[in-house]
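Please examine the sequence and the coordinates shown below. The paragraphs that follow lead through the model step by step.

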Amino acid sequence: MKNMRVMMFCLCAVLLPGLIFTPAAAANESAIEIEAPAKAAVGEEIVIVLNVSHDGNNFIHHTEWVELRINGETAERWEYSMFSKPPDENFSVSFSHTVENQLEIEAEASCSLHGSRNVDEKTVSVEASGE
């Protein structure tokens, strides 16, 4: 019986620190992907779709915010909370924008516990007249 306790203690001493001190290995940050046309005409209204993915969508662990930046300026920011969670683990938000010049689009999403996995970037070029 004493040997069994010693063996259990040793097992816990080896495994428990690994479980406690490696949250990053099990962490899931919010990831994002931009869908937008590669080209658009001046004056054309385009729809930018942001696809967000995240494992977990409960009141503690969820995507906390999604931000869309166009040419370095925040165009839209969607905020979520424990009482107003995103619709699902994987969801999309969209934004309409009228093209006046080339667009440099950046988007990011952040998990309430683990932060952001990536910043996605896309360029929308302006079509020359007559194309």
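With which residue does E29 form a salt bridge, and how far apart are the closest N and O atoms? The partner of E29 is R117, and the closest N and O atoms of the two are 3.9 Å apart; a salt bridge here is a side-chain nitrogen of Lys or Arg within 4 Å of a carboxyl oxygen of Asp or Glu. This pair links distant parts of the chain, 88 residues apart: E29 lies in the loop between α2 (23-26) and β1 (31-35), and R117 in the loop between β7 and β8 (119-126). E29 counts as partly exposed because its relative accessible area is 24%, and R117 is likewise partly exposed, at 45%. In these terms, buried means under 20% relative accessible area, exposed means over 50%, and partly exposed lies in between (1.4 Å probe, protein chains only).

The model is predicted: local features need pLDDT of at least 70 and side-chain atom pairs count only at pLDDT 80 or more, whereas totals for chains, interfaces and linings use all residues. Residues are numbered from 1 along each chain as its sequence is written, and side-chain values use heavy atoms, with hydrogens and water left out. The protein chain averages a pLDDT (the predictor's confidence in each residue, from 0 to 100) of 86, and 78% of the residues score at least 70. Over residues 16-26, pLDDT stays under 50, and the model has 1 contact beyond four places in sequence for them; contact means heavy atoms within 4.5 Å. Where pLDDT is low, the predicted coordinates should not be read in detail.

The protein chain has 2 helices and 8 strands, in the order α-α-β-β-β-β-β-β-β-β from the N terminus on. These elements are DSSP runs numbered from the N terminus, with helices (H or I) of at least four residues and strands (E) of at least two. Of the 131 residues of the chain, 30% count as buried. Among contacts between residues at least 6 apart in sequence, 63% join residues at least 24 apart.

The structure holds 6 salt bridges. E67 and R69 meet through their side chains in one of them, at 2.4 Å from N to O. E67 counts as buried because its relative accessibility is 11%, and R69 is buried at 14%. R69 also forms a salt bridge with E108, where the closest N and O atoms are 3.8 Å apart. That pair joins strand β4, which holds R69, to strand β7, which holds E108, across 39 residues. Both R69 and E108 are buried. Through shared partners, salt bridges connect E67, R69, R77, E79, E106 and E108 into one network.

H54 lies in the loop between β3 (45-53) and β4 (63-70). H54 is buried because its relative accessible area is 1%. Not counting residues up to four places away in sequence, H54 touches several residues, including E29, H61, E89 and C111.

At the surface, F59, I60, M82, F83 and L113 form a nonpolar patch with about 580 Å² of accessible area together. Patches consist of residues with over 30% relative accessible area and no salt bridge, with like charges joined within 9 Å and nonpolar side chains (Val, Leu, Ile, Met, Phe, Trp, Tyr) within 5 Å. The accessible areas come from the Shrake-Rupley method with a 1.4 Å probe; for residues, only the protein chains shown count as cover. F83 is placed in the loop between β5 (73-79) and β6 (91-98), and F83 counts as exposed because its relative accessibility is 76%.
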